[in-house]
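Please consult the sequence and the structure while reading.

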Amino acid sequence: MANQSTPYGGLTPQRVPEAYIRAEIASLPLASEVSFRMAITELNPLLDRKKGKKTSALWRKCEVLLSEHASGWSLDRLVAIRDFFWFDYDPNNFKVDQPNPLHNYLRCLAKRYVCNRPGVSEVTNNENFFDATSHYRWLIFALPEDLLLISSKTEPPPTYVDIDPPLFIRCIHDKGVSEIHQHIGASMDFKTLWMSALAALASPDVNPGSIIDPEMPFKNSDLFFRWLLAAAIARSLLMEYLVSGNKTYPLADFIRELRGIRGQLWQTLQQVVLALQHGEDELLPDEIFPLRMLYQEVHPYGYEAWKKPPETLEEAWKKCDPIAARLSLSSPNEAEARFVRRCLAFMEDPGRKPDELFITLFWQVIRLRNLLYRSVVQRPMTAGLQWFIRFSDRLKPFRKPLRKIRTEISYEVACGIAKGSVVALEIRSTAKDTPEELAQDLCELTESWEHVVQKYSSLSSRNLEFGVLLLFAKARDQEKRWGHGDPPAYGSETHSEPLPSFTKEVQLGRRYELFFADLKKKVMAAKDLIWEKPTILWLLRGIDVAADELSIPTWVLVPLFNFLERESAFAAASVHDPIKPKSLRITAHVGEDFRHLMEGMRRIFETVHYLLRRSGGRIGHATALGYDPRQWAEQTGSVMMPKEERLWDLVFEWRLYTAFETPYELRIDVPPQRIGYLENQIRSLSRDVFGEEQMPHIMALVHHTLHTLWSGPEVNVHQPEVCLESFDLALKSLNTEFYYKNKDASKLIELYRTNELVFRRGQQLENVTIDHSEISALFAVQDALRRLVSIRGIVAEVNPSSNLLIGNLMDLRNHPTLRLFPPEPQEGAPPPVRIAIGSDDPIIFSTHLMREYSLLHNAAISAGYSEHSVGAWLETIRCTSMDARFTTAWPCFGGKNMGDSLLEELGDFLHRPKDYRKFKNMGKRRRDGC
């Protein structure tokens, strides 16, 4: 047996899934900046210096990209996969000097993965089913799924790929399911976002400078926007050429016939065509203005869709896409399907001489669309929430035309093709600064929900339920420098610094003060609206915290959340109706992002013990509870982390072992000799951070007091509302007899919050080697926390695709759910943690609710569990999702449905006229020409 101090690092290097390597090689000709720059239209098997020069350059770039991730892969393996995808091989009819045109390449790629079957299709299964679905799943992280389906040779093309377990899906249809974790800002699929982007690009209010991200395509958001406008213009140009009825002459002649368009527009069109033809930035117009002017000529409803956003999804499909508006198309994605299929048919016409300009422009348009897809769908190998935030921020300018139909889109994407199966929808919407902004947002969401009820209520045996959770987003710094790719060293200029430079105007001098002030403003806005209109608690059902988990500690949030929860309870009780709404519930994203696994579990403990208390809340993701500590240690080896975070981890662990102010349910088996190690480390690290050695029980008291000063029983002072001074008031009025030596704790708290030198010392980095002792502690703490969460009935919200990418799981058979809540009982394991399934951010993880259930089903079957066990397991998860939902059925008052009542209440708060909705509908009918 190895020595106790032997590290695990490097013993089992992490391997990259073969499915990822295949997907990257397959997608490179269609979705990479390098293929766009070379304007590739065919792949040459010889890779020679004449005809195959571009293919050779593309492969060289592919080698460079894969060398960063393809651990353990030889060039022979990589070349074999390249040949398999890039070059169509028929041993009886293969010519090594015959290039493979991209239209044939795309057709073959679609056929390799999706069966040629109209309507609902299946993955092509030449291997076992799990491998087939896994390879397909990784491919659609690299390429839009709708492109593969549209490219199928069957007529009509498939619209959905079925990987769903049939018996469970039938159960979902019959009994219904709840979507309990979906963020409204990302609750769409890519074809919907693309439709919206085609309208947003026409609006002068969409500012490319709003995205500052070094990982944007072309490394520049303004340049990427100009290329997208060029693609949108060329897309409409190609379709106009195809529908003009006279394709006997080439596209170049058709373009010359357009000389009559007014003013500078003709010159701009020439620049667009030339720039796309060569993939060169210098050939594009330097400014976005002329491109937008030309596009507004092309798109009859583009600017209107911005000024007067569509109020139904059907209206959006009609107007947002210029091709749909031109051809009077209204079905979902019909315009994109018509464009791609007609272009492919044109290029494949054997009686027509190839039109090189047409072919080049088409593939350049497709590549730019695919690059947009890859910029908003989280890329594999970019684990952690800081990467996720970048992908999320890129959505903002493109989704704006959808703002009035967000709920309808959210419901559509949750159901997939199983329309009406989702009977309870919870969406998370960002908290607002003022009650008026919040009321306006809730109005739009409710109006959109009424369209859902009208469309789908007849398909369900239950009344459809809807609820909104206010999302409070954590942030690393005021200036978003982390998101812009230039984070200052050692935590400087972040909210954790007592005197960050961005507070020059107002030197508050306490950690997290500005963040607290911003969050307090949003909390007070929600409180004011709830007290003014308490019946909105039928709609407003909970509060959540998410985004950059490591940026803000739990103790900053505790008073704000507890205050709002308490105020909502009082407001609900004040409603005079016999049926009263319930107070707000709490959930929190936690335990998803961490440097050390112990850090993730500490944050889960803080959330469960101090934030949720016994409110019946939920925790989002909580993957730290399900990771196998030994497997995590083998892949990690050692961790570099700030000393103050390591100190809090060790203090938390010491508290568990000594039962220092911990729940009585939290029983733990103490690993041998671990307490002595902890006490030595706590004294050493506290000296490094605070400049003076501290005893473990004093540091434990500091940790506990930080989380209770604003709202715990230790405070003996009346606090009518949360205010910036409340922490200091609580600190001064702390009961001097409550704890032994509390003056020492008070002093340390004050130093921690205000002293710049203490902060700087805490940012020193500690290298933590993951040895046997550390692993034993992780197992002990994890078992105890799982027991606590299970006993308290707290439900973990699981999002498989999100966890796969953010947690870098590589394979869903490693998903923490299979340890947290296994399909079959595990001997000697702690009680299972109840879980519910959500889709999180459907577009960012290229998923939807039904697919998340299907992925878990396939992973469990592949892991060796029986079909019967897995079926019963998924049914339990479905029931838990229903039981743990925050939504409630809406009653009727005075013969009026709750949706209308809520809109009246919100309209009254916003001082709208009583007949506002009637006038609004009349205006809409006039705009539609009725």
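This is a predicted model: local features need pLDDT of at least 70, side-chain atom pairs count only at pLDDT 80 or more; totals for chains, interfaces and linings use all residues.

**Salt bridges**

Side chains of opposite charge can pair when their charged atoms come close. Across the whole structure, a search finds 66 salt bridges. Three of these pairs are set out in the table.

| Pair | N to O distance | Accessibility |
|---|---|---|
| K191 and D189 | 2.9 Å | K191 26%; D189 25% |
| R602 and E645 | 2.7 Å | both buried |
| R819 and D628 | 4.0 Å | R819 25%; D628 26% |

The side chains of R602 and E645 form a salt bridge at 2.7 Å, N to O. This pair links distant parts of the chain, with R602 in helix α24 (residues 597–612) and E645 in helix α26 (residues 643–658), 43 residues apart. Both R602 and E645 are buried.

A salt bridge of 4.0 Å, N to O, joins the side chains of R819 and D628. Because R819 belongs to helix α34 (residues 817–820) and D628 to the loop between β10 (618–621) and α25 (629–636), the pair ties together parts that are 191 residues apart in sequence. R819 is partly exposed, its relative accessible area being 25%; D628 is also partly exposed, at 26%. Elsewhere, salt bridges with shared partners join R595, E599, R602, R603, E606, E645 and D649 into one network.

The salt bridge between K191 and D189 has an N to O distance of 2.9 Å. K191 counts as partly exposed because its relative accessibility is 26%, and D189 counts as partly exposed because its value is 25%.

**Cavities**

Rolling a probe the size of a water molecule over the atoms shows where empty space is left. The whole structure holds 8 cavities of 30 Å³ or more.

The largest cavity has a volume of about 130 Å³. Its lining residues include F130, W138, L804, D811 and N858. Two or more lining residues come from each of α6 (129–139) and α35 (849–862), and α6 gives the largest share, 5 residues. The lining divides into 6 nonpolar, 3 polar and 2 charged residues.

The second largest cavity has a volume of about 100 Å³. Of its 13 lining residues, P553, W555, R602, W648 and Y752 lie nearest its centre. The elements giving two or more residues to this lining are α24, α26 and α28 (696–708). The lining contains 6 nonpolar, 2 polar and 5 charged residues.

**Helix α30**

Helix α30 (residues 742–754) has 13 residues, which should span 18 Å at 1.5 Å a residue; its end C-alpha atoms are 18 Å apart, in agreement. Its buried residues are N742, A745, S746, L748, I749, Y752 and R753. Seen down the axis of α30, these buried residues fall within an arc of 165 degrees, so they line one face of the helix.

Conventions: Residues are numbered from 1 along each chain as its sequence is written. Side-chain values use heavy atoms; hydrogens and water are left out. Buried means under 20% relative accessible area, exposed over 50%, partly exposed in between (1.4 Å probe, protein chains only). Helices (H or I, at least four residues) and strands (E, at least two) are DSSP runs, numbered from the N terminus. The expected span of a helix is 1.5 Å times one less than its number of residues. The arc is that of the directions from the helix axis to the C-beta atoms. On a 1 Å grid over the protein atoms alone, a cavity is a set of points where a 1.4 Å probe fits but cannot get out, and a pocket is an open set with protein on both sides within 12 Å along at least five of seven lines; lining residues have an atom within 4 Å of a point. Grid points are joined across faces, edges and corners, and a volume is the space filled by probe spheres set on the points. Ala, Val, Leu, Ile, Met, Phe, Trp, Tyr, Cys and Pro count as nonpolar, Asp, Glu, Lys and Arg as charged, and the others, Gly among them, as polar.
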